[in-house]
Amino acid sequence: MRYLPLTETDRRDMLHAIGARSVDELFKDVPACARLSSKIAGLPDHQGELEVERAFQAYAAKNLSPASVPFFVGAGAYRHHVPSTVDYVIQRGEFLTSYTPYQPEITQGTLQYLFEFQTQVTLLAGMEVANASMYDGSTAASEAVLMANRITRRHKALLSGGLHPQYRRVIETTARWEGFSAASGKADPLGLEDLIARVDKDTSCVVVQNPSFFGHVRDFSRLADACHAAGALLIVVVTEVVSLGLLKPPGEMGADIVVCEGQSIGNGLGFGGPYVGLFATREKYLRQMPGRLVGETVDAEGKRGFVLTLSTREQHIRREKATSNICTNAGLCALAFTVHLTLLGEAGFRRLAELNHAKACELAERVAAVPGVSLLNDSFFNEFTVRLAKPAAAVVEALASKRILAGVPVSRLIPDDPEVDNLLLLAVTETATEHGMAPLVAALKEVL
Amino acid sequence: MVQSFDRSQGRVGVAAAAAPASEATFTGNRGLQIEEPLIFELGQSGRCGVDLPEPPKVKDRLNGLRRTGEIGLPGLSEPQVVQHYTRLSQKNYAIDMGVYSLGSCTMKHNPRLNEKVARLPGIGDLHPLQPVSTVQGALEVIDSLAHWLKTLTGMPAVAMSPAAGAHGEMCGMMAVAAALEAKGERGQRKVVLAPESAHGTNPATAAALGFTVKPIPANERGRVDLLALKAALGPANGSEVAAIMLTNPNTCGLFENDIIEIAQAVHAAGAYFYCDGANFNAIVGRVRPGDLGVDCMHINLHKTFSTPHGGGGPGAGPVVLSAALASHAPYPWIVRDGEGWRIAEEGREIAGTPIGRLKAFHGQMGMFTRALAYIMSHGADGLRQASADAVLSANYVMASLKDVMSPAFDGPCMHEALFDDSFLKDTGVSTLDFAKAMIDEGYHPMTMYFPLVVHGALLIEPTESQAKEDLDLFIAALRSLAERAKGGQSADAFKAAPRFAPRRRLDETLAARKPVLRWRPSNRPPEDDPLKQAAE
């Protein structure tokens, strides 16, 4: 067994040193009736690297890789080009195989990149402080609502109909079992809902998404004012973080908490995870924040260094009084994010955003010219909604059989609303080319 | 005074006073330990680490919400980025470098094959929402891993979507709440029992779900005090108990030998048994938690099945469920359907009463592929051998150190060896000092001051990944430190440790008192031309 260094001689010598006759003797505290005397039946034995790799190649062959086909799928996860440097850095063993920086003297590498990450997140969001990452955007959104409930001591969250339906479900699940109310607006494909009228003195927070699930770009400044007048917080969710290269940041709209899915920067699609949640807020709410925080300090020689800080908020110190039960976060995905964003820098990040938007504008125009397709959005970043003359799920299946991955039918995420059956979300990133757009437009003409 | 150049400040200064002049260097570097500024101190506008084409000119559709003003991101070229993060990496200790004895965290070898298969085209690049017909292989991976997890634990169902151990705890305890609700007992059963030795996540999870946490004391053997537990489950208040959250093997590295009696008492009282599976790695292939009466247990794939810890995540925390809780598993469910697989979402596609959804999409796929590759590489025989070697190594460490350090409990341990600080009594050396001195010997310290039930705890988990020669050197180093500490007169040297790490001890009080959580331009001094200053 290539991963196990002990030889039979080692094992004998070690048992001798311990004073035990067999390994089984070391398991004597296990009740005899539960001790298995031999390996579990019905499971295969160990395999070499070659065999395991072949098995995974066989799994891969049963999937359609986005790299090989026209691809316009988004809805909260986006296909961007990730520079080779990112994967090189995150595969360095010193990053890959270390753990939470509990011993800061020998984990300055992790602590410093997390400090850089926190700074980058505050800059993108236009906020004052950020934590060292969350599991993903959806769980970060749920934690944001819990935080707003703690701050306002209220128990009623208001969820926009433009929020990603799965994010909504995650918040509703938390609400159901942790005991607060989460009132969801009806799905809002046209981006016309008025949330201001629904904010009242019991509202702890309003959760909106920008661009919305349907792609609309909105200014929430007035909503922020209305929230603050009512003593509520505004939480802005961003599922496509690249949009922050081009759009007014939520912090400038008056958001109190900003959460983002950071996958687009540095992290591949990976069939849905692991991703990285970004979480930023105002300095005055710092001590109600969930998750780990890295802070600057000095060492015994006066040199600058970094440590985990304010951990009195966290479960390993506060136990049942903690702000969250979170322990592990998304360290390596945060590193991928930070390295990619560092490669991009100010100029690259802005250009990446411009490129996404320009390509999306181009496709929107071309698709809207297809008979049987109408564009719902007056505004969007790199994803928009079209209404088709037929149910979108069937159209997407038909195009998949032509090896075109043509976006997400809204009915996949909102299954019980006949009004959305014909709606299709199309996402366009810098990876889209003429070789992808032309076949999509042609196939839509054919199918509709 | 020795002149030095500080790259982060971009100026020449004098060497920090605490370092002896003989050790000072102009750059502040010490050989291969290179001082590295923040990216924000390195960037220059006009530099970029990517080449992107000029975007075509379009009339924008941004609703007048274009960002005005600078974001403030620094510009670095690709070689600078590679050097920066390579230098940072060299300030970290890692499993790849040697014994990483951090107890309870299971820092075992991370095979690189797992990284390779997770990145294969057709696996690593799939979109979670592309048509189900185009991801059948991916669903088969999830189903295969689910099959292994169910078989290894002897449990009938598994919820795959939780993102980490603590998230899995949330999932399992929500399922308990759902089962109680189905029986009309949720309002009445508000108490969760948790041993004093529990991970902090257990009480935090229970409290978040509105349960009151009642601690159960440990007995003198480091196990749950069975009498206290039975009293808590007795006729007087047993009807108020929703569940027990128990780690097994426990955080003292011991198997709860009364486990079956505990499970029976819990069930007899009408409550559920949540097992914290953080230490499942000690018993894989040798004990099935299902045979012990467990109702739900999360499995930290980054511990037991060796997906990389990555500096603190990402993890994955699938939860195995008993028949009593299976119908409450959160969606999505991966369902075998005739020839293929489908993803069942929400109530209408699922026969059961799921607790809801815990995260967007279908779970930590990248962790699933790595864990499955690890499991397939080991096989049923190798997994059983791995847990045996982990337990053997921990007992070997315990036996080899018991005369110079102070084991917290008698008898064999499971996968980790727990010591208290009585061997340091009257030496002036604390558990913290001892741990910091290990750094100078080239080791990542053990877990300190946890579990809380042992004074000044030192929890050592060697894992199965270390060769005997490496364990022997590790043991010899610890013996030497213990003897030095007991020899007296060395407390100051221990307090000064670590001396050879990239940083000396850091001022954590300062960090908490005046939190600086981000770099700000105002941190940069007004002087702006480092080369000119160096010339002066």
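1. P314(B) sits in the loop of chain B between β8 (296–298) and β9 (319–321), and a cis peptide bond with omega of about 5° links G313(B) to P314(B). Helices (H or I, at least four residues) and strands (E, at least two) are DSSP runs, numbered from the N terminus.

2. A word on the basis: this is a predicted model, in which local features need pLDDT of at least 70 and side-chain atom pairs count only at pLDDT 80 or more, while totals for chains, interfaces and linings use all residues. Residues are numbered from 1 along each chain as its sequence is written, with chains lettered from A and ligands numbered from 1 in the order in which they are written.

3. In chain A, please look at N210(A) and P211(A), joined by a cis peptide bond with omega of about -15°. P211(A) belongs to the loop between β4 (203–209) and α9 (221–229).

4. Most residues other than glycine have a negative phi, and most peptide bonds are trans. S133(A), which is not a glycine, has a positive phi of about 110°; its place is the loop between β1 (129–130) and α7 (137–152) of chain A. S133(A) is buried because it has 31 C-beta neighbours inside 10 Å (buried: 20 or more other C-beta atoms within 10 Å of its own; exposed: 12 or fewer; partly exposed: in between; C-beta atoms are placed from the backbone).

5. R403(A) also deserves a look: its phi is near 60°, a positive value. R403(A) lies between α13 (392–401) and β12 (408–409) in a loop of chain A, and counts as partly exposed, with 13 C-beta neighbours inside 10 Å.
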